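Let's take a walk through a protein model, one piece at a time. Keep the 3D view open while you read.

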Amino acid sequence: MSKIKKKRLKQIEQMLIEMSVGNFFYRIERSVKNDNVEALVITLNMMAEELQEAMVHQGYVNAHGTIKHIVQMNFIIDAQGLVQATNQRACTILSKLRTDIIGKPFLSFLIDDSKTKWQKIWGVLKQKTLYDTSLDLSFKTKGNLIIPTACYITNISHTNKNEPTTLLTVVLHSNDQLELEKDLKKSLIRISSRQKKDSDVAESSNLRPKIKLTFDDIKKLQKGHDIIINNLEKDFPSLKDFALQLGTNEFKLKYGFKELYGTSVYRFLKKERLRKSKMLIQHSELPLKSISNMVGFKSFPHFSRAFKQRYGYTPSALRKKSK
Amino acid sequence: MLDFYENDFATYKLEDDVLVIIYRDGVVVDLKAAVQVVEDRLMLQQGERLAVLVDIRGIKEINKSARDYLALEGSVLIKAVAIIVEPPVSEMLSTFYLRTSKPPIPNESFNSIEEAKLFLESL
């Protein structure tokens, strides 16, 4: 096996390990190669993105079970662009020793693309004493994994010193403490509900117990979601009929859809219809009345009203502006 | 209707009622790029629904927000999409996208432009 391939496989291994402990924010640097290892790399990167998103997604099924653990990296940077101070988590995340970070140019922890971005913003930062901004930067770990982040950058002015310093903060989500926290939560709830002696009750911390959606239920709801998006122009059936069509019942449809997508079926349908109409108004020459029909509204005035309510301007105003 | 257009990310060409979109080599598609690609496509189409052949072999990376945007807004006024891929990298990219983002229109990937055109004609 070639040396490069070995190195790539090592990176994949590392990333998988990080993901296993709940750190979904690492990425592997892409190369221009077109081989199987590279295909594995893009899949892994995209999978991590999907998982990362799912973790911070508020309306996720049984979200009460996912405890979000926030990880933060902080850097204090002096006027020369050198790191003056950092926190322990930053060292862990970058897998570097504190001595490898402090006193080094902040630039050296970024990937090449981010270096140019940073240099640009650094020029602006140096001219201003009070300044806040945010910027997408990608860090590089010791093992050459990449961490894309949104950084919050603040200039701090001191009263006793002339030299300004810059504070850079990164917030990441991880759930590597998930199990521990879950156990703790369980044991606490068990104490409070000891009389009931019902282990199932201990699972839920809410007063109203959550109904558990099975994998099958979720599949059906996802199918429903897709059917709505693909049939915006058609008359929408009653919830009872729609539930039947999906092979579930009205209650599960109503309850589950809200759990999964954070909104009711009808609200979602309306939102999607209006979203599609907005695209068509902006980017096509179709008459507004046809668009209103195309997205399933019975009458144009009704459509226009709903549109204004959602976006704050009428369809015709948007069309005029788009021309 | 214009029959050729290009931006920083792709070129657009109208060939026998099929809109051919070819992504540039080594391009990284983020949300801003995805919005641009869709906007320019719709500008070109002038409200007409078309079949689209898209060559993604040049794409180096496409991030989550871009994938989500393309799956939702990217399919407006498209009859069907044939995607040109090259195994293994861009083929994997396409498989992943189709499986996770579930775009609401017929999508299929091919290794050759001829096959892709046959698919679009058969619809």
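Leu77(B) sits in the loop between helix H2 (64-72) and E7 of chain B. One thing to keep in mind as you look at it: this is a predicted model. The phi angle of Leu77(B) is near 60 degrees, a positive value in a residue other than glycine.

You'll find Asp17(B) in the loop between strand E2 (10-15) and E3 of chain B.

So is Leu77(B) buried or exposed? Count the other C-beta atoms within 10 Å: Leu77(B) has 21, and the cut-off for buried is 20 or more, so Leu77(B) is buried. For Asp17(B) the count is 11, and 12 or fewer means exposed, so Asp17(B) is exposed. Here are the two next to each other:

| Residue | Phi | Other C-beta atoms within 10 Å |
|---|---|---|
| Leu77(B) | near 60 degrees | 21, buried |

The bond from Pro87(B) to Pro88(B) is cis, with omega near -5 degrees. Most peptide bonds are trans. Pro88(B) belongs to the loop between E7 and H3 of chain B.

Now for the sheet itself. Chain B has an open sheet of six strands, in the order E1-E2-E3-E5-E7-E8, with mixed pairing.

Zoom in on strand E7 (residues 78-84) of chain B: five of its seven residues are buried, so to speak a mostly covered strand. Strand E5 (residues 50-55) of chain B runs parallel to E7(B), and five bridges join them. In this pairing, Leu53(B) stands opposite Ala82(B), and Asp55(B) stands opposite Ile84(B). E7(B) also pairs in the parallel sense with strand E8 (residues 107-110) of chain B, over four bridges. There, Ile84(B) stands opposite Phe110(B). To get from E7(B) to E8(B), the chain crosses through H3(B), and this β-α-β crossover is right-handed.

The contact between the chains takes 22 residues from chain B and 23 residues from chain A. On the chain B side, the elements giving two or more residues are helix H1 (31-45), strand E6 (59-62) and helix H3 (89-101). H3(B) gives the largest share, five residues. Sorted by class, this side has 10 nonpolar, five polar and seven charged residues.

Helix H11 (residues 265-283) and helix H13 (residues 300-311) of chain A pack at an angle of about 95 degrees, with axes 10 Å apart. H11(A) and H13(A) are therefore roughly perpendicular to each other. Among the residues making this contact are Leu274(A) of H11(A) and Phe307(A) of H13(A). By class, the contact has four nonpolar, one polar and three charged residues.

Conventions:
Residues are numbered from 1 along each chain as its sequence is written. Chains are lettered from A and ligands numbered from 1 in the order in which they are written. This is a predicted model: local features need pLDDT of at least 70, side-chain atom pairs count only at pLDDT 80 or more; totals for chains, interfaces and linings use all residues. Two residues are in contact if their C-beta atoms, placed from the backbone, lie within 7 Å. Ala, Val, Leu, Ile, Met, Phe, Trp, Tyr, Cys and Pro count as nonpolar, Asp, Glu, Lys and Arg as charged, and the others, Gly among them, as polar. Axes are lines fitted to C-alpha atoms, for helices over the stretch in contact, and angles run from 0 to 180 degrees between N-to-C directions. Angles under 35 degrees count as roughly parallel, over 145 as roughly antiparallel, 65 to 115 as roughly perpendicular and the rest as oblique. Two strands pair if DSSP finds at least two bridges between them. A crossover is right-handed if, with the strands pointing away from the viewer, the path from the first strand over the helix to the second runs clockwise.
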